[in-house]
Every structure is written in C-alpha cells, then in structure tokens.
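Hi there,

Here is the structure I promised to pass on. Have a look at it first, and my notes follow below.

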Amino acid sequence: MRRLIALALLLLPALALEAGFKDVDVNGDGVPEKVAVTNLVDLAFDQKGQVVGWYVKTYKGTAIGDYAKAPNLRANGPVVSPAGFTPTKAEFLVEDGRLLARFQGQEGTLTYEIAKGRYTVGVRADFPLTLRLSAQGAPRVLLEGQGEPLPSGEGRFRYLAWQTRPKAGYALVAFGEGPLEGKLVGKEGEVRLPPGQEVKVYGGQNELVRFHVEGLLALPGLFTPNLWGQLSLGLLWIMEIAFRYTGSWGLAILFLTLVVRLLLWPLMHQQFKSMAEMQRLQPLIQKINEKYKDDPNKRAEATMKLYQEHKVNPAAGCLPLFIQMPILFILWKVIANYEFGQGLLWIPDLALPDPYYILPVLYVASTLLSTWLSAHGNKDVIRQGLFINLIFVFLVLQFPAGVTLYWVLSNLIGLFQQWLINKSLKPLAA
C-alpha cells in the first residue's frame with residue numbers, strides 16, 4: 001500500500017512549491033519552529049532568532065515530509081545564532097518571491113532575507129551584531145591577504161566555510177561584498193557586523209555549478225575545478241552567452257545542444273553507422289549461427305569473414321560511446337544544477353520537473369523511435385529498448401525540465417543523423 005501511495009504521489013504534477021512559512025516542530029521538543037519553505041531549502045527559526053535547522057532539498061521543488069530524515073547542515077548547535085540578542089517580536093513576510101524573517105528586540109531589528117531560487121541567505125541588523133555560525137563538515141577561514149584558507153584564524157576574512165566533502169556533499173559559506181571581521185575557532189565561527197552591513201550565508205550543494213550561480217567560485221581555495229570542471233565552465237559560458245543574446249533559457253539550451261551535437265557529430269556518426277551495419281547483418285549472422293550451431297569455431301570464423309567482406313568492425317561503435325559519455329554526464333550536471341528562474345511554454349521553471357510530464361513523454365517517444373531506427377526490424381532489440389525505457393521513465397519524471405529538454409532536442413538531432421546514415425547504407429546482396 002505504501003508503495004502504491006508513493007507511486008501515486010510521484011505521478012502527481014510536479015508543480016513548484018509556493019514560497020512561504022509554516023509552523024513545524026522540526027526537532028521534536030514540543031515547541032514548533034517557524035519554517036521558511038522554498039524550492040531549494042527549508043530554514044527553521046526558533047523564538048530566539050536562531051536558524052536551528054538548514055534543510056537542503058534532495059529534489060528541487062519537493063516538500064520535506066520528515067525533517068528528522070532530511071539532509072540538515074546543523075552540527076551540534078544552531079547553524080546561525082545572533083549572540084546576546086533577545087527578540088521580543090517576530091514577523092515573517094513574503095514579498096516578491098523573497099521570504100523575510102524579522103526579529104525585533106531592544107537593540108533593534110535582525111533580518112534574514114531568503115531569495116527565491118537561491119541557497120544564499122542575507123543576514124543584517126540595524127545594530128552592531130555578532131553572528132555565530134556552525135555546520136557539519138571541515139571548517140576553514142580565508143583571512144584577508146592569504147592565498148589559501150586555514151583551519152582557524154581571527155581578523156578580517158573573505159569567507160568562513162564548512163564543507164562535508166571535497167567537491168561533493170554540502171557546504172555552508174559566510175561571505176560579504178567585502179572583507180568581514182570575525183574568527184574561526186574549532187568548528188565555531190563568528191562574524192562581527194556593524195549596523196547595516198550584510199553577511200551572506202550560502203547553505204547548499206558543495207558543487208561547481210551552484211557556486212558559479214551563487215557567486216562563490218571566485219573565492220580562492222573554496223572550489224578548484226579540475227579538467228572536467230573547466231569543461232563544465234566552458235559549457236556554462238556558451239549557454240550564458242546564448243541567453244544574453246536571446247533572452248530565453250529555452251533557446252540557450254537549444255543552442256548549447258546544437259553546439260555539443262555538432263562537436264560530437266563525427267563520433268556519433270561512427271557509432272550510429274556501426275550499429276546500423278551490425279543490425280543490417282543480423283539476418284546473415286542468424287543463418288551462420290544455424291548452419292554452424294554445433295561448431296563454435298567455424299561459427300566464429302564465418303562470422304568474422306562476414307564482417308571482413310562487408311568491412312564492418314564490431315567494436316567501432318564502442319569507443320565513440322565511451323568518449324561522449326563523460327561529456328553527456330557533464331552536460332547533465334551543468335543543466336541540473338543551474339538555476340534558470342524562467343520557464344518555457346507550459347513549463348513554469350526549467351530548473352524544476354515538467355509539471356505535466358510532456359517532456360518526459362517526448363523523451364521516451366524519441367528514444368523508442370531511435371531504437372526502432374537503429375534496430376532495422378530486429379524485434380529483440382526493439383523489445384529491449386521498450387523495457388529499458390519503461391524502467392527509465394520513472395527517473396526522467398524527476399529530472400529538471402531543462403535537462404529533459406536537452407535530451408529531447410539531442411534525441412531529435414540524433415534521429416536525423418540516424419536517418420541520414422540508414423539512407424546511405426546499401427542493401428544487402430541476395
């Protein structure tokens with residue numbers, strides 16, 4: 001029954017969450033916290049103005065059902081805590097897609113600003129504020145004038161950071177427009193803010209594309225891209241240039257798809273041609289298998305002779321596939337972790353799954369058509385393709401619409417390429 005309910009919930013339209021606040025007892029102490037809900041993170045505030053829970057969504061745009069099981073950046077104490085501040089009044093507002101949590105006390109007003117589509121939260125006060133921070137992961141501080149972060153330090157710094165794993169997992173990063181004053185001792189960080197100055201606190205994926213989107217990538221020692229990371233940044237640059245000229249992220253993804261497919265065209269041509277030729281020879285291979293079913297040596301010899309006569313290399317389609325797979329994986333990572341903040345036609349937000357599952361249906365249909373074209377009537381290959389797509393469709397339902405759009409466009413270009421190759425193949429001699 002639970003599996004059926006979960007499947008039913010999965011098949012409901014994956015509409016974006018409405019940003020807002022709700023009352024939930026996240027830590028089970030009997031006192032409800034005020035939880036700010038967004039598509040990316042949920043933040044739980046207590047009555048003292050502290051962030052006692054910073055929950056990162058596993059899937060964008062989904063609601064957290066059980067906060068005890070959700071990824072939480074909290075370590076032993078509050079993630080963010082205003083030292084020496086006792087609020088007497090709190091208000092929680094939604095303005096133009098932003099969530100504002102304001103706490104008022106005798107000293108003045110403390111404000112948290114949570115922007116739509118961002119993991120970064122702005123924190124400021126109209127009085128001198130000492131903000132304490134702590135999170136899961138290895139702590140580091142980059143002091144002003146230093147080239148590399150240190151495990152501890154005090155003075156003017158460019159950022160405080162906690163990272164659960166190098167280039168993976170989650171991160172909490174406190175930074176500002178300019179240097180900040182504070183310290184890091186053990187796992188406890190501290191930021192001293194004059195009235196009106198804002199500190200930005202990023203809490204989310206410890207990932208290259210997200211750091212690029214949120215303006216963290218320029219901070220030294222926080223994330224150093226490797227070769228694949230540099231390639232990711234190159235693809236990002238192409239996509240952002242296309243958006244700058246078109247004003248549409250949908251058209252930018254189309255342009256990026258065209259560029260990648262043109263670059264991969266020779267490899268894809270070799271792969272498709274090899275697959276088509278292998279399938280075209282299947283009737284002759286079946287005859288050889290039947291003729292020499294009791295003699296494996298002669299069967300192998302006759303099969304190799306057949307390949308030589310038709311100038312077919314059975315392994316020719318494997319190498320192009322191995323070369324292009326890392327590039328396709330990088331593209332998936334780039335688009336899946338990007339924050340578009342824009343929709344396309346019926347899709348309200350390309351960063352979230354298609355709420356009506358039109359793109360997943362188009363993806364499956366284009367993949368099945370591709371299988372049919374490459375199978376050349378081989379019913380076993382067609383059945384295998386159908387079975388794989390029926391399993392894979394449940395994963396595609398959760399893909400960001402931008403990712404699925406890329407795959408659909410890529411499949412359509414691939415279908416055109418396959419059609420050209422099939423048309424160029426000569427018929428087998430009788």
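Helices (H or I, at least four residues) and strands (E, at least two) are taken as DSSP runs and numbered from the N terminus. On that basis the chain has 10 helices and 15 strands.

Two points on how to read the rest. This is a predicted model, in which local features need pLDDT of at least 70 and side-chain atom pairs count only at pLDDT 80 or more, while totals for chains, interfaces and linings use all residues. Residues are numbered from 1 along each chain as its sequence is written, and side-chain values use heavy atoms, with hydrogens and water left out.

Overall picture

Of the 430 residues in the chain, 46% are buried (under 20% relative accessible area; exposed is over 50% and partly exposed in between, with a 1.4 Å probe and protein chains only). Taking contacts (heavy atoms within 4.5 Å) with a separation of 6 or more, 60% are between residues 24 or more positions apart. The accessible surface is about 22100 Å², and carbon and sulfur atoms hold 60% of that (Shrake-Rupley method, 1.4 Å probe; for residues, only the protein chains shown count as cover).

Cores

In soluble globular proteins, nonpolar side chains tend to be buried together. I used nonpolar core for a set of buried Ala, Val, Leu, Ile, Met, Phe, Trp, Tyr and Cys residues joined through side-chain atoms within 4.5 Å. The largest one has 53 residues, and Trp 54 and Tyr 112 have the most contacts inside it. Strand E13 (residues 168-185) gives the most to this core, with 7 residues. Another core lies apart from it and has 36 residues, including Val 209, Val 260, Leu 264 and Tyr 406.

Aromatic pairs

The whole structure holds 16 aromatic pairs (rings of Phe, Tyr and Trp, the last by its six-membered ring, with centres within 6.5 Å; planes under 30 degrees apart are stacked, over 60 edge-to-face and the rest tilted). Tyr 55 and Tyr 67 are edge-to-face, because their ring centres are 4.8 Å apart and their planes at 65°. Tyr 55 sits in strand E4 (residues 51-56) and Tyr 67 in the loop between E4 and strand E5 (80-82), so this pair ties together parts 12 residues apart in sequence. Both Tyr 55 and Tyr 67 are buried.

Phe 211 and Phe 223 also form an edge-to-face pair, at 5.8 Å centre to centre and 80° between the planes. Phe 211 belongs to helix H2 (residues 208-213) and Phe 223 to the loop between H2 and H3, so here too the linked parts are 12 residues apart in sequence. Both Phe 211 and Phe 223 are buried.

Single residues

Which residues does Ser 232 contact, leaving aside neighbours within four places in sequence? They are Leu 208, Ile 330 and Val 334. Ser 232 lies in helix H3 (residues 227-246) and counts as buried because its relative accessibility is 9%.

Leu 345 is exposed, at 77% relative accessibility, whereas Tyr 357 is buried, at 12%.

Best wishes
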